Amino acid sequence: MMRNVLLAFIAMFLVPVALAADPVEPNLTKLQKAIGDVVPDSVSPTAVPGIYEVLIGSQILYLSEDGGFVFQGELIDLGNQANLTADRRNGLRAKAIDAVGEDNMVIFAPDGKSQHTVSIFTDIDCGYCRQLHRQIADYTERGITVRYLMFPRAGVDSESYKKAVSVWCSENRKDAMTRAKAGEEIEPKSCDNPVEQQFALGSDLGVRGTPSIILESGEMVPGYVPADRLAQLLNEDGNNN
C-alpha cells in the first residue's frame, strides 16, 4: 500500500515536468505576413533558448519565440568555435547536390579508387573553368572525382546555355565537354536536359561565379583551385567532419 502511495506521489511531480518538456512552437503570424504568406519548409529550435531556425528554400532565418523579431546572419557557438549557420548551410547544400543524381552530371573519375568527390558548377565559356578542365587529369590522378553541373552565367537561352545543352545532348558528353572547353565548336543539339534546372539550383545555392566547387561537406569554394590545393582542402574538410 505504501509503495502505491509513493508512486502516485512521484507521478504528481513527473507529469508537470513532462508537459514542460514539450517543444514550444514560435508564432509565425507576423513573419508569414511579412514574406507574403510563404510557408516555411521547416521550423526548428536552435542551440539558443527562445530562438528558432526558419528554413525557406536555401534561406536561413532566425525567429524569436514570440514571432516579433527575425534576423539573418551567422550564428556562432563561441564555446566550440563553430559557425552553426555555415554548418547548416553546408549540409543543406550537400543534400541538394546529392538530390541531383549522378545521372544528371558529367563526371570525370580516376582510373583507380576515388578518394574524394567534388561537384563543380561550370560555364563552357568561363576562362577559369577552361583552365581547370585543361588540368582535369591532375585532379583525377590525385583520386578526385569531378562531377560537373551546368551553370551558364549569362542565363537561359544565352550562347553559353546553348553550348551546355549541346554538350549534354552529345553521344559522348565527356568528349563534348572537353572539346567545347577547348574552344572547339561542337554540333548544336537539343534534347531533354537538366541545364536550366541546374542553373536555377546553383542560383538558389548562392553560386555567383564559375567555377564554384562544392566539397563533400557541402562547403562551397569559389573560383579556380589547383589540383594540389584542392586535394589539401578535401583532406582538411574530411578531417573536420
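Biologist: How many bridges join strand β8 (residues 116–122) to β9?
Modeller: This is a predicted model, so to speak of local features we need pLDDT of at least 70, side-chain atom pairs count only at pLDDT 80 or more, and totals for chains, interfaces and linings use all residues. Residues are numbered from 1 along each chain as its sequence is written, and side-chain values use heavy atoms, with hydrogens and water left out. Strands (E, at least two residues) and helices (H or I, at least four) are DSSP runs numbered from the N terminus, and two strands pair if DSSP finds at least two bridges between them. β8 and β9 run parallel, and the number of bridges joining them is seven.

Biologist: Does β7 (residues 106–108) run parallel or antiparallel to β9, and which β9 residue is the bridge partner of Val106?
Modeller: Three bridges join β7 to β9, and the two run antiparallel. In β9, Val106 has as its bridge partner Tyr148.

Biologist: How many of the seven residues of β9 (residues 144–150) are buried?
Modeller: In a regular strand the side chains alternate between the two faces of the sheet. Here Ile144, Val146, Tyr148 and Met150 point one way, while Thr145, Arg147 and Leu149 point the other way, and all are buried (under 20% relative accessible area, 1.4 Å probe, protein chains only). So β9 is largely enclosed by the rest of the structure, and the count is seven of seven.

Biologist: Now helix α3 (residues 84–100): how far apart are its end C-alpha atoms?
Modeller: The expected span is 1.5 Å times one less than the number of residues. For the 17 residues of α3 that should give 24 Å, which agrees with the distance in the model, 25 Å.

Biologist: Within what arc do the buried residues of α3 fall?
Modeller: The buried ones are Thr85, Ala86, Asn90, Arg93, Ala94, Ile97 and Val100. Take the directions from the helix axis to the C-beta atoms. Seen down that axis, the buried residues of α3 line one face of the helix, because their arc is 165 degrees.

Biologist: Which residue caps the N-terminal end of α3?
Modeller: Find the backbone nitrogen of Thr85. The side-chain oxygen lying 3.1 Å from that nitrogen belongs to Asn83.

Biologist: And which residue follows α3?
Modeller: Its phi is positive, near 85 degrees. That residue is Gly101.

Conventions. Buried means under 20% relative accessible area, exposed over 50%, partly exposed in between (1.4 Å probe, protein chains only). A polar contact is a pair of N or O atoms within 3.5 Å; within protein, one must be able to donate a hydrogen and the other to accept it, and residues adjacent in sequence count only if both atoms are side-chain atoms.
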